[in-house]
Amino acid sequence: MARGERLICAAGELVEGGSGVRFEIAQGGKSLAAFVVRWRGLPRAYVNECRHQSSELDWMQGDFFDETKLYLICATHGVLYTPDSGICVAGPCRGARLAPLEVVEREGKVFCIEEFEE
Ligand code: FES
């Protein structure tokens, strides 16, 4: 397995508590829906799959924060996740965790780290 970086977006597209950016990531030979948001200055990325019933979190594309801007919310039934750990803190899947993805911010750009077969 090799690792590589792939550009997701310009760093300026990710505003603290603002809209997230959706992207696809290859993992285990599959393409997964994913997203990145900015939280406390850093990009945080997860597989876009709720731990309750597997919906994508954003009903309105890119809309991942709840109205307080303190939690990520799944629009389907309102489960809340902490943006830094991805752990569910309210709702039927309390304690479950969104699948985190590795991202880096460098020179004004945000990249995801992918693993692929050589
Ligand atoms: S599927 Fe996300 S809260 Fe139910």
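How many residues lie between E2 and E3 in their hairpin, and which glycine in the turn has a positive phi? The hairpin has 2 residues between its strands, and glycine 28 in the turn shows a positive phi of about 60°. Strands here are DSSP runs of at least two residues, labelled E and numbered from the N terminus. This is a predicted model, in which local features need pLDDT of at least 70 and side-chain atom pairs count only at pLDDT 80 or more, while totals for chains, interfaces and linings use all residues. Residues are numbered from 1 along each chain as its sequence is written, and side-chain values use heavy atoms, with hydrogens and water left out.

E2 and E3 run antiparallel and are joined by 7 bridges; two strands count as paired if DSSP finds at least two bridges between them. Within this pairing, phenylalanine 23 has alanine 34 in E3 as its bridge partner.

Phenylalanine 23 also turns up in the largest nonpolar core, which has 16 residues. A nonpolar core is taken as a set of buried Ala, Val, Leu, Ile, Met, Phe, Trp, Tyr and Cys residues joined through side-chain atoms within 4.5 Å. Buried means under 20% relative accessible area, exposed means over 50%, and partly exposed falls in between (1.4 Å probe, protein chains only). The members touching the most others are Ile8, Phe23, Ile25, Val36, Leu101 and Val110. Two or more residues each come from strands E1 (2-10), E2 (21-27), E3 (30-39), E4 (42-47) and E10 (109-116). Apart from this core lies another, made of 15 residues, with Phe35, Leu57, Leu72 and Cys88 among them. As for valine 36, once neighbours within four places in sequence are set aside, its contacts (heavy atoms within 4.5 Å) are Ile8, Leu14, Gly20, Val21, Phe23, Pro43, Arg44 and Ala45.

Next come the charged pairs. A salt bridge is scored when a side-chain nitrogen of Lys or Arg sits within 4 Å of a carboxyl oxygen of Asp or Glu, and the count comes to 6. One of these pairs arginine 106 with glutamate 5, with the closest N and O atoms 2.7 Å apart. Arginine 106 belongs to strand E9 (residues 103-106) and glutamate 5 to strand E1, so the pair ties together parts 101 residues apart in sequence. Both ends are partly exposed: arginine 106 at 35% relative accessibility, glutamate 5 at 42%.

Glutamate 56 forms a salt bridge with arginine 22, the closest N and O atoms being 2.9 Å apart. Because glutamate 56 lies in the loop between E4 and strand E5 (72-73) and arginine 22 in strand E2, this pair links parts that are 34 residues apart in sequence. Arginine 22 also meets aspartate 58 in a salt bridge (2.9 Å, N to O). Shared partners join Arg22, Glu56 and Asp58 into one network. Glutamate 56 is partly exposed at 36% relative accessibility, and arginine 22 is partly exposed at 29%, whereas aspartate 58 is buried at 6%.

Back in strand E3 sits arginine 38, which counts as buried at 9% relative accessibility. The side chain of arginine 38 reaches the backbone oxygen of glycine 41 at 2.9 Å, and makes a polar contact with the side chain of glutamate 105 at 3.0 Å. A polar contact is a pair of N or O atoms within 3.5 Å; within protein, one must be able to donate a hydrogen and the other to accept it, and residues adjacent in sequence count only if both atoms are side-chain atoms.

Notes
Helices (H or I, at least four residues) and strands (E, at least two) are DSSP runs, numbered from the N terminus.
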